[in-house]
2 protein chains.
Amino acid sequence: MDETEKLQTHRRGSGVSTVYETLRNEIIELKLPPGSPIDEQQLSDRFALSRTPIREALVRLAAEGLITTLTNRATIVSNIDFLGLPEFFDALTLMYRVTTRLAAANHAESDIAAILVQQKAFETAVTNRDVLGMISTNRDFHIAIAQAGRNRYYVELFTRLLDEGRRILRLYYSSFNDVLPRQYVGEHEEMIRAIVERDVTLADKLASAHADQIVGQIRSYITADSRQNTKLAL
Amino acid sequence: MDETEKLQTHRRGSGVSTVYETLRNEIIELKLPPGSPIDEQQLSDRFALSRTPIREALVRLAAEGLITTLTNRATIVSNIDFLGLPEFFDALTLMYRVTTRLAAANHAESDIAAILVQQKAFETAVTNRDVLGMISTNRDFHIAIAQAGRNRYYVELFTRLLDEGRRILRLYYSSFNDVLPRQYVGEHEEMIRAIVERDVTLADKLASAHADQIVGQIRSYITADSRQNTKLAL
DNA sequence: TGCCGACTTCTTGTCGACAAGAAAAATACA
DNA sequence: TGTATTTTTCTTGTCGACAAGAAGTCGGCA
């Protein structure tokens, strides 16, 4: 494991953010899978910080729901709540629609540039068949759209939802094929066009369809996976 | 000021939540107005706790955006962002609609009972002309509806929005008259009926109108207030 | 051999103290 | 007298140590 962070001496106040962001990434990328125990002492050693700033980072992660603290006992990476998946899909779909609508309505020139950058990144990830890259650049693309919509409440919720989605997708990413992503590139391009032309209705419609695609795909992964499990159980 | 909390000895782990909730309430009720400095030492004395648990509570509040920490300098109660008000209204309206829709679709029997309790509380606040009570019971009423909708993402965002709304309303509550609240009681009753009858479309429509009412009212407060300011400036 | 209770150990929660950084105050200089 | 610079002071950020609580361990007893 990479332990370079051990050596650097942090300047006052920077350590907490570093720990927070590092752990956040590791949780979302399933480097720390759900249920993993989070040991404060261990992190303290790893980042060469006392437990106090570590603790602060953990409190932040807990506030976001990424980790769960069993009082006086242990703190673990939060499980993916499969029972709550319908809620998740509902909220995700709504955010796809709302942010794309708002982007069509409120975007400035510079926003389009930012969106195009992310779309390019997504495209290269697709051509390189870099599945993990697809997942994260897809997220960045939609967050760029959300930011163009100029509503921080939606941006915040959408970010959380997309990151939760990244965790779920990672679980199933082996079954990710390169047929649908290719289709996503086209859909993304259509969405950009609708946004540029400020066609709110079309943007909404495309976002809605796009969301359905993704939700459908995740659903199929899950059902396919559970089928495999039942096969093993026999 | 009430200093009773000073004496009790807290059992392990309970102190943080107490501090968090107490401060949260005081911020939302403008007992701690925007810009108020938050002194850790002072809070430490007040709650008879060391600075560590106080700090933990503050981190949580900061994550929610209720307080702002100027690094190495000071931490203050977050200002109300009047420039971001349009975003706020947009998100608030959407959440009013979505939660009411979902309540109509997903509610169970017990949810209705909970909603009716809150509606009763709101009604008594209105008849008692208890303006502060109206503001908070109105919030509780809509959160009860959101909970009946069974989507924790919406519940969470909506709660944050309604609480931010409480702060804004407190600022202007002197101009709160008892004509519109009476109307709100009726609108609430209509919404409950639509939810009970599982009429999603009607629920949406009513929630939308209700949101417009409230947004309009807040807007009128603000413009009325700014008019007064310009008058003084002449 | 199986179950119940005291004990040990390990992790979290809390504390008091120290260090660093920034604003305010005091001082020196033009 | 006004400005730049140093010093002081105050608040936050970090630390190491201690205390409490819970799980696991070990031993005793039926």
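**Close-up 1. Ile38(A) and Asp39(A) at the phosphates of DNA strand C.** In this predicted model, a backbone N or O atom of Ile38(A) sits 3.1 Å from a phosphate oxygen of DNA strand C.

**Close-up 2. Arg12(B) at a base of DNA strand C.** An N or O atom in the side chain of Arg12(B) lies 2.2 Å from a base oxygen. Arg12(B) is also among the closest residues to DNA strand C. Gly13(B), Ser50(B), Arg51(A) and Arg55(A) are the others listed as closest.

**Close-up 3. The protein surface near DNA strand C.** By class, 9 are charged, 7 are polar and 4 are nonpolar. Helix α3 (51-63) of chain A and helix α3 (51-63) of chain B each supply at least two residues of this surface. The largest share comes from α3(B), with 3 residues. Which parts of the DNA strand lie within 4 Å of the protein? Sugar or phosphate accounts for 59% of those DNA atoms, and bases for the rest.

**Close-up 4. The hairpin of β1(B) and β2(B).** Strand β1 (residues 67-70) and strand β2 (residues 74-77) of chain B run antiparallel. They are joined by 4 bridges. Thr68(B) has Ile76(B) as its bridge partner in β2(B). Between the strands lie 3 residues. In this hairpin, Asn72(B) takes a positive phi near 65 degrees.

Methods:
Residues are numbered from 1 along each chain as its sequence is written. Chains are lettered from A and ligands numbered from 1 in the order in which they are written. This is a predicted model: local features need pLDDT of at least 70, side-chain atom pairs count only at pLDDT 80 or more; totals for chains, interfaces and linings use all residues. Side-chain values use heavy atoms; hydrogens and water are left out. Two strands pair if DSSP finds at least two bridges between them. A residue is near a molecule or strand if one of its heavy atoms lies within 4 Å of it. A polar contact is a pair of N or O atoms within 3.5 Å; within protein, one must be able to donate a hydrogen and the other to accept it, and residues adjacent in sequence count only if both atoms are side-chain atoms. Ala, Val, Leu, Ile, Met, Phe, Trp, Tyr, Cys and Pro count as nonpolar, Asp, Glu, Lys and Arg as charged, and the others, Gly among them, as polar.
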